[in-house]
Amino acid sequence: MILQCSHITKSFLTDIILNDISFHINDNEKAAIVGINGSGKSTLLKIIMNELEADSGEVIISKDISIGYFAQNQEYNSGKSILDEMHGARPEVEELGRRLDQLSVQMDNTEGEGLEALIKQYDQARHRFEQLGGYSYESEITGVLKGLGFNEADFNQPVQSLSGGEKTRVALAMMLLKNPDLVILDEPANHLDMNSIQWLEGYLANYKGAVLVVAHDRYFLDKIATKIIELRQTKCSVFQGNYTEYSRKKQAAMEALMKQYLNQQAEIKHQEKVIAKLKSFNREKSIKRAESREKMLDKIERIDKPVEENTKMNLLFKPRIQSGNDVLSVKGLSKSYGSHQLFSDISFEIKRGEHVAIIGDNGTGKTTILKILMGMSEAGTDFSGQVKFGTNVQIAYYDQEHQVLHPEKTLFEEIQDTYPDMNNTQVRNVLAAFLFTNDDVFKQVKNLSGGERGRVSLAKLMLSDANFLLLDEPTNHLDIDSKEILEHAINNFEGTILYVSHDRYFINTTASRILNLTQQQMVNYPGNYDYYLEKKEDAERAQLSSTIQAASCDNTETSLAAGNKASWQQQKEEQARLRKIENELKKTETEIEKLETRNSEIDLQLSDPANGTNIQLLQELSKEHEANGNRLEELMEQWEALSDTL
């Protein structure tokens, strides 16, 4: 066990946020904290990190444990380049690298006893450098930065010139490269695209340390979590397993508790009837029996009725009229900003009743497509291609930036001005259905949180009675409960939906078709996200197989049909080339094994006391070990390149 929270309680003024919270994290365990917005998840992390003080309870951290903490919306400011900043993640590695270089130069210019001392220092430094992963540090930096969405061309950019989201990714990369014993992450996926989130999943799942994460991404939680810590109604419950297992166990526990409550209520009512009947007999014995039953009834430990928090939106999409079967036709759509081409000549159609998700990397133009369909600003007018809507299509748009909301208006005004036929009571009822009650309705839009703005936008969307919904990142800033309500509303919607999202669990639950915007083109996948992943992997395997076949049998059909001797000769040459690559691969593997064995032998010789006075031998062995290490790096790269070719 490396972390234990014991009876943590925290209040803000009169509001109890956390009450008697207890759980622990074991070595290498991957745990997730879940709960609705405002349940105290980030507060709990700040208490663990000693940024907030608990009212009572304690946080116990094992001795000599290093912790890496990634807070929400964390920006990283520095005048250094991204790459230079990453080199500072492990200062001991950087210092040891410089020390090894200095010692190497000194050994070349020293003899006698001084040389012996330098060799010992060099060997100790080299051993520590190897322990800290110094020889693979450069490749690790490259892997983490690329995994989080940076290209090598970005590495030399000054951190201070980056966008807010990019600075957040730099901060995340910096924290991961420090390799702490416990990684604590608060919404790490907020500024990552799908590929980066998928990379982070794999990184954390295989991380040789413990992880504690707060996240609303249920697909992410399914991939990495082995324990779920639920915060609900100020209390804490712990479930073993990933998010799906937690959801199933939680539902089963709620149903079991409700069953116990109903059974007890039935038994209480039965006993009360029996008692009343016995008393009605008005005889001494029956009255004594009634009193005995009353005493037994008083001793029963009453089960409280299980109740959910008042966090459930009442969301229902219902189209006023039905559209025609052909809802949308897009042909030859192209869009660029100056010399930067977003997408080119894309075409697709949407039929009535379809729920279609557009996915793709950040910056590929997904939101721009929705804005073109809505005719919004420059994006909606300056494009080429044809956009055609079908008969009786009525559109409503959900904007991820909520620009369709008016910052200076109150919530009440926002609804009433858009739907003037609604009376005051109707407006209040709608806002209450989206958890805005009492004086909340007079808050100005500009003072709302991201999640609150999302709920207002969903309320307006529901009131539109449209039959074609265009949604841009509708799950952003929503907690898990709200996401599930939105999913239910979408799945029960009789109209048509086209949406952009990076929430893979949401896509998996609601999409009947996926359009992947990649390399300026649109690729169609008829199915949900799991189907998309399966078909994408199949396509990648097929492409790899096709490439290999093409390499060995290029233009085979043409050569057979023509009976061309030259083509047959090309095939033979290509097969010979592939055999040569295979032989080179085997030779490389043999040399790698030989050098690794030799370095193990050198390690034994360097640590042998019998060689302690043989300065020349020790120096030669150290130089040979270093040369072998450099050669191994080259061979590893060579092996990787040959493997990719095959």
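## Helices α3 and α4

Is the crossing of α3 and α4 left-handed or right-handed? In this predicted model, the crossing is left-handed. The axes of α3 (residues 91–108) and α4 (residues 113–131) come within 9 Å. They cross at roughly 155°. Angles over 145 degrees count as roughly antiparallel, so α3 and α4 are roughly antiparallel to each other.

Residues of α3 that meet α4 include Leu96, Leu100, Leu103 and Met107. On the α4 side, they include Leu118, Ile119, Tyr122 and Phe129. By class, this contact has eleven nonpolar, four polar and four charged residues.

## Helices α12 and α13

Helix α12 covers residues 411–418, and helix α13 covers residues 424–433. Their axes come within 10 Å and cross at roughly 120°. The two helices are therefore oblique to each other. Here the crossing is right-handed.

From α12, Leu411, Phe412, Ile415 and Gln416 take part in the contact. They meet Asn424, Val427, Arg428 and Leu431 of α13. The class count is five nonpolar, two polar and one charged residues.

## Nonpolar cores

In soluble globular proteins, nonpolar side chains tend to be buried together. The largest nonpolar core here holds 61 residues. Met86, Leu172, Leu204, Val213, Phe220 and Leu221 touch the most other members. Helix α6 (residues 164–177) supplies the largest share, eight residues.

Leu221 touches Ala32, Val34, Val213, Ala215, Asn242, Tyr243 and Ile480, leaving aside residues up to four places away in sequence. Another core, of 48 residues, lies apart from the largest one. Its members include Ala357, Phe412, Val445 and Ala489. Phe412 also belongs to the α12 side of the contact with α13.

Technical notes. Residues numbered from 1 in each chain as written. Predicted model: local features only at pLDDT ≥ 70, side-chain atom pairs only at ≥ 80, totals over all residues. Heavy atoms only, no water. Axes fitted to C-alpha atoms, helices over the stretch in contact; angles between N-to-C directions. Helix = DSSP H or I, 4+ residues; strand = E, 2+ residues; numbered from the N terminus. Parallel < 35°, antiparallel > 145°, perpendicular 65-115°, else oblique. Left-handed = near helix turned anticlockwise from the far one by under 90°. Contact = heavy atoms within 4.5 Å. Nonpolar A, V, L, I, M, F, W, Y, C, P; charged D, E, K, R; others polar. Core = buried A, V, L, I, M, F, W, Y, C linked by side-chain atoms within 4.5 Å. Buried < 20%, exposed > 50% of the residue type's maximum accessible area, 1.4 Å probe, protein only.
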